[in-house]
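User: I am new to this structure and would like to go through part of its fold by question and answer. Please show it before we start.

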Amino acid sequence: MKSLSIQDLTNAGLKATAFTGGYVNKARTKSPTGIVFHTPGSTWAKGVWDKLPHKTPDQYDLAAGQAFDARNYQPNYLIGVTGLVMQLATDDLRTQHAGKLGADSPAGDVYATDAWASWASPSSGGGWRQHGRDPKAVYDWWFAAFPGHKTPVTVFPWKNMPNDALGIDLLPVVDGSGGPQQTQAQFDAAVKLVSMLAKLHGFPCNKITVTTHSMCSPVERGTVVSSGKIIGTPWDLSPKQWRHDEMVAQAAARLANA
Ligand SMILES: [Zn+2]
């Protein structure tokens, strides 16, 4: 099975390095059919930042890459705030960046139908629970993104196994400003990396094959608790922080000219 190399990435004008000595991932049995984008979260990222002896963006990126590579839950790529592309596992390895849909649902395979939409697993923790609200109000953002679909299982080529896709994480900015948590350098690097991965592995570049964890796992990554009420909102990644659709459109345009 093919994989981009660090040389491929630097030849394309990207800053790139590899951290592949950490957790040992299993080989894929079939080529990746798409990409799932994530954020490792600001709490984890701030932990990396706070431990840095020299608090510079370059040091932050490298320390995050090294720390992430040691975890068993890791993506294939981490893009740092400077736009540095860090390969944590080659493309032929199936990393555990997303998990099986509904694996910890007490109601079983809720994603088989639209039953998933009456459940929530808020970012603050506490696990799966029924939110008791109108499913179409909590997950309006998901149903609007995929008209005619009732479940992610019929939308995505990996059905209920998002780990079959490649994982790309975007390291968040931790300046405490409340401003965008991703940088233009990350956006530009993502456009190039996505177009290169789509070309190498032969999958199309669109909002279905290149998506976010929130879109492919809405229960697990799409609710928060606000003033005691469960609110539906995608947060891995958040469209308020990351211009995903615009990135995909630019990557598709680049792929068409590649
Ligand atoms: Zn995620």
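Analyst: One term is needed before the helices are discussed: a crossing is left-handed if the near helix is turned anticlockwise from the far one by less than a right angle, and right-handed if clockwise. The model shown is predicted.

User: Is the crossing of α7 and α10 left-handed or right-handed?

Analyst: Helix α7 covers residues 184–201 and helix α10 residues 244–256. Their axes come within 8 Å and cross at roughly 50°, which makes α7 oblique to α10. The crossing of the two helices is right-handed.

User: How many residues of the contact of α7 with α10 are nonpolar?

Analyst: On the α7 side the contact is made by F187, A190, V191, V194, S195, A198 and K199. From α10 come M247, Q250, A251, R254 and L255. Two of the contact residues are polar and two are charged, and the number of nonpolar ones is eight.

User: Which strands are at the edges of the open sheet?

Analyst: The sheet has six strands in the order β1-β5-β4-β9-β3-β10, with mixed pairing. Neighbouring strands are turned by 25° against each other on average, direction ignored. An edge strand pairs on one side only, and that applies to β1 (16–18) and β10 (210–212).

User: Which residue in β9 stands opposite H38?

Analyst: Strand β3 (residues 35–38) runs parallel to strand β9 (residues 166–170), and four bridges join them. Opposite H38, the residue in β9 is D169.

User: At about what angle does α7 run to β4?

Analyst: Helix α7 lies across β3, β4, β5, β9 and β10. Strand β4 spans 77–79, and the angle of α7 to β4 is about 155°.

Terms used. Residues are numbered from 1 along each chain as its sequence is written. This is a predicted model: local features need pLDDT of at least 70, side-chain atom pairs count only at pLDDT 80 or more; totals for chains, interfaces and linings use all residues. Axes are lines fitted to C-alpha atoms, for helices over the stretch in contact, and angles run from 0 to 180 degrees between N-to-C directions. Angles under 35 degrees count as roughly parallel, over 145 as roughly antiparallel, 65 to 115 as roughly perpendicular and the rest as oblique. Two residues are in contact if their C-beta atoms, placed from the backbone, lie within 7 Å. Ala, Val, Leu, Ile, Met, Phe, Trp, Tyr, Cys and Pro count as nonpolar, Asp, Glu, Lys and Arg as charged, and the others, Gly among them, as polar. Two strands pair if DSSP finds at least two bridges between them.
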